[in-house]
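User: Could you walk me through reading a structure, one feature at a time? I would like the general idea and then the case at hand.

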Amino acid sequence: MTDALRRREGSGAEDVALSDECIVERVRQGEVEAFGTLVGRWENRIYRLALRLLEHPEDAREVTQETFLAAFRKLHQFRGRARFSSWLYRIALNCCYDRLRERRVEPIPLEEAESIAAEEKVLGQIHKKQVAERVRRALHALPVEMRQVIILKEYEELTFEEIAEILDIPVSTAKTRLYAGLDHLRKRLEWLKDAL
Amino acid sequence: MNEEKTPSAMCEMSEKLIAYLYRELSADEASAFEAHLKACAQCAQDLRDFERVRQALAEWQITPVPRVASEFKSGLLRPSFRQALRQLLLAMPAWGRVMLGGATALLLLALFNVQLEWTPEGGFRFRASLFPLRAVEPAPSSEMSARERQQIEQLIADMFRDAEQRRQEALAASLQEMTERLREEQRAALADFVQKWNAEQRTQWAVLLRELERRRYGVLTFADLFFPGQDGN
């Protein structure tokens, strides 16, 4: 995935030519400015991931900064056994979990979410923006284990193997969590059936 | 390994279903699953529903505003105070965190003037306030001793006596002043009376002498020479 996605993110030709691991090696050898290339290559994706998990732009921005600062400081610990992207995502997710723990936001119970959905259904025509807002709320109501798998798969377009590597879980567990998450969303977004 | 709690109506091919949904099956595996779909209404329904959910999920898009790269390149990437504090705490050893926590707790206790007092009954009393506590003055005893009462009464009596003395002195001074003024007025009136009386006496003597002279010596008398203009006419 990573090469194709990297190209799509709009990095320069020189950046695309070098793999993340090559740049990491150059940074380790003292070429600190090369780390800026990695930041430019991944910051959008890390920011989007953080924003989808945290839902606060300022928190997402801070988490993005924290992620790259932590990655820069721990770069000597990166052994290359996993992909750099997986390692970076894992750092970002840990930063997000810290924020979520600080906030201690409880997920909305499924029954409550369904009653809210039923009320909203009678409001009439649903616009695209409203659909996006309902999707955001439905995702927010999911347990974080399901939410992160859905975000990594649906929005970050990672493979199940990559997700399993990032979360340090078996591939089958990643698939089961995704199934369970989609099953919850099916119930929560059932009222959108006619709008889509 | 699968430690996750799975939905109750989940087909055993659910993992294949998820892989098929995201196009992660090989061609052979996809063909096999499509054959399964024709036989399994549950999977077919799940597939339709999940595709609709994915369609809804696709509506939530985010347009990020990347700034981190430029800041990093310009050397401006600096952690916020909260980030720095968190990183400091993470970098600290456990004993360092304990010491910092203890110091913070002591600082807060000092800031809020927290006092812990042991009571004679064996318990303790906890007090805290934002401002320093002042030494509490003992409440006045409801039972006053006889000596104190006597002293207070003596003080009050002295006070009244002094006031009366000052009033008497003021009255005496006022009376003396009034007497002096009356005496002066009487003295002045007496002097005036004596003066007038003397003048009248002299006039009468002059008239008498003139009359005597007139009778003795004729028209011009000795009295006319010494008392001119006092002829009584």
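Predicted model: local features only at pLDDT ≥ 70, side-chain atom pairs only at ≥ 80, totals over all residues.

User: What percentage of the residues of chain B count as buried, and what percentage of its contacts between residues at least 6 apart in sequence join residues at least 24 apart?

Analyst: Chain B has 233 residues, and 8% of them count as buried. As for the contacts between residues at least 6 apart in sequence, 24% of those in chain B join residues at least 24 apart.

User: Is helix α1 of chain B mostly covered or mostly uncovered?

Analyst: Mostly covered: α1(B), residues 14-21, has eight of its eight residues buried. The buried residues are B:Ser14, B:Glu15, B:Lys16, B:Leu17, B:Ile18, B:Ala19, B:Tyr20 and B:Leu21.

User: What covers the buried residues of α1(B)?

Analyst: The cover includes α11 of chain A, along with α2 (27-39) and α3 of chain B.

User: Two of those helices come from separate chains, α11 from chain A and α3 from chain B. How do I read the packing of two helices?

Analyst: The general idea is to describe a packed pair by the angle between the helix axes and the distance between those axes. On the α11(A) side the contact is made by A:Leu182, A:Leu185 and A:Arg186, and on the α3(B) side by B:Asp49, B:Phe50 and B:Val53. By class, the residues of this contact are four nonpolar, no polar and two charged.

User: What should I know about nonpolar side chains in general?

Analyst: In soluble globular proteins, they tend to be buried together. In this model, the largest nonpolar core has 59 residues, and A:Ala50, A:Leu88, A:Ala92 and A:Cys96 have the most contacts inside it. Helix α4 of chain A (residues 35-54) supplies the largest share of this core, 11 residues.

User: Which residues does A:Ala50 touch, not counting those up to four places away in sequence?

Analyst: A:Ala50 touches A:Ala60, A:Val63, A:Thr64, A:Ala92 and A:Cys96. Two of these partners, A:Ala92 and A:Cys96, are also named among the residues with the most contacts inside the core.

User: Why does B:Arg23 count as exposed?

Analyst: B:Arg23 counts as exposed because it has 7 C-beta neighbours inside 10 Å, and the cut-off for exposed is 12 or fewer. A:Glu157, with 14 other C-beta atoms within 10 Å, is partly exposed.

User: Where is A:Ser19 found?

Analyst: A:Ser19 is in the loop between α2 (13-17) and α3 (20-28) of chain A. With 14 other C-beta atoms within 10 Å, A:Ser19 is partly exposed. A:Ser19 and A:Leu38 are 19 residues apart in sequence, and their C-alpha atoms are 9.5 Å apart in space.

Definitions and conventions. Residues numbered from 1 in each chain as written. Chains lettered and ligands numbered in written order. Contact = placed C-beta atoms within 7 Å. Helix = DSSP H or I, 4+ residues; strand = E, 2+ residues; numbered from the N terminus. Nonpolar A, V, L, I, M, F, W, Y, C, P; charged D, E, K, R; others polar. Buried ≥ 20, exposed ≤ 12 C-beta atoms within 10 Å, placed from the backbone. Core = buried A, V, L, I, M, F, W, Y, C linked by C-beta atoms within 7 Å.
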